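The following exercises concern the structure displayed below.

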Amino acid sequence: MIATSLSLSSFTAGIDQFVATKSDDSQKISAQDIALQAEREENAAKIDAYFAGGNMPLEGYGMKMVTEAEAHGLDWRLIPAIAVRESTGGIHACKKATFSAFGWGSCRISFKSYDDAIESLAEHLGGDNPRTARYYDNKSIEQILRTYNPPSVVPRYAEQVIAVMNKIEEVKI
């Protein structure tokens, strides 16, 4: 279990900001919208707290990981767990490629930023990139991971990433 100094007021600040952006007369905000945003905030806080506990460079990218996972139909814990398994959350990011903390392309693909890397990874793993959709579309987490890093390359890769996913979910905020 990893604790964080995230206060209740800072946690709810994101929800308040979300509500404020939706509060003009032309848009109605539903209780479902508020609950979904609260869930996003909580999940992002868990990711950031997990990264903070290990002093990992990807701390602060939790919300980006959550929203990209949601946009591409992925489990919110998958992208951060891959980052932890591949580079210890960016600590050991690929040296040959820029902003490559996820092992995508075996460290031969550079990105403009971590945001760009997260967007690209989510698009591919979600099956939304035409070049790789045949490998990832409509797959379970385990199937995605066995394609991402086959057992013939890293025998227990899927199990290792899933174990990190479970640790991230258990973080108390």
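**Exercise 1: The surroundings of a helix**

The buried residues of α4 are covered by elements that include α2, α3, α5, α7 (141–148) and α8 (157–170). The model is a predicted one, in which local features need pLDDT of at least 70 and side-chain atom pairs count only at pLDDT 80 or more, whereas totals for chains, interfaces and linings use all residues. Residues are numbered from 1 along each chain as its sequence is written, and side-chain values use heavy atoms, with hydrogens and water left out.

Task. Determine how many of the residues of α4 are buried, and which they are.

Solution. 

Step 1. Helices (H or I, at least four residues) are DSSP runs, numbered from the N terminus. Buried means under 20% relative accessible area, exposed over 50%, and partly exposed in between (1.4 Å probe, protein chains only).

Step 2. Count. Eight of the 10 residues of α4 are buried, and the helix is mostly covered.

Step 3. Name them. The buried residues are Leu78, Ile79, Pro80, Ala81, Ile82, Ala83, Val84 and Ser87.

Step 4. Look at the end of the helix.

Step 5. Turn to α3. Its buried residues are Gly62, Met65, Val66, Glu68 and Ala69, and they pack against α2, α4 and α5. Here contact means heavy atoms within 4.5 Å. Gly73 follows α3 and has a positive phi, near 70 degrees.

**Exercise 2: A buried arginine**

Solution. 

Step 1. List its contacts. When neighbours within four places in sequence are left aside, Arg77 is in contact with Met165, Asn166, Ile168 and Glu169.

**Exercise 3: Aromatic pairs**

Task. Decide why the pair of Tyr61 and Tyr114 is classed as it is.

Solution. 

Step 1. State the rule. Rings of Phe, Tyr and Trp (its six-membered ring) pair if their centres lie within 6.5 Å; planes under 30 degrees apart count as stacked, over 60 as edge-to-face and the rest as tilted.

Step 2. Apply the rule. The whole structure holds five aromatic pairs. In one of them, the rings of Tyr61 and Tyr114 have centres 5.6 Å apart and planes at 75 degrees, so this pair is edge-to-face.

Step 3. Tyr61 lies in the loop between α2 (31–53) and α3, and Tyr114 in helix α5 (residues 114–125), so the pair ties together parts that are 53 residues apart in sequence. Tyr61 is partly exposed at 23% relative accessibility, and Tyr114 is buried at 13%.

Step 4. Consider another pair. The rings of Tyr148 and Tyr157 have centres 6.1 Å apart and planes at 20 degrees, so this pair is stacked. Tyr148 is buried at 12% relative accessible area, as is Tyr157 at 1%.

Step 5. Widen the view. Trp104, Tyr136, Tyr148 and Tyr157 form one aromatic cluster.

**Exercise 4: A tyrosine in a helix**

Task. Describe the place of Tyr136 and its contacts.

Solution. 

Step 1. Tyr136 is found in helix α6 (residues 133–136) and, at 6% relative accessibility, counts as buried.

Step 2. The C-alpha atoms of Tyr136 and His124 are separated by 7.1 Å, the two residues being 12 residues apart along the chain.

Step 3. Apart from neighbours within four places in sequence, Tyr136 is in contact with Trp104, His124, Leu125, Gly127, Ile144, Thr147 and Tyr148.

Key: Helix = DSSP H or I, 4+ residues; strand = E, 2+ residues; numbered from the N terminus.
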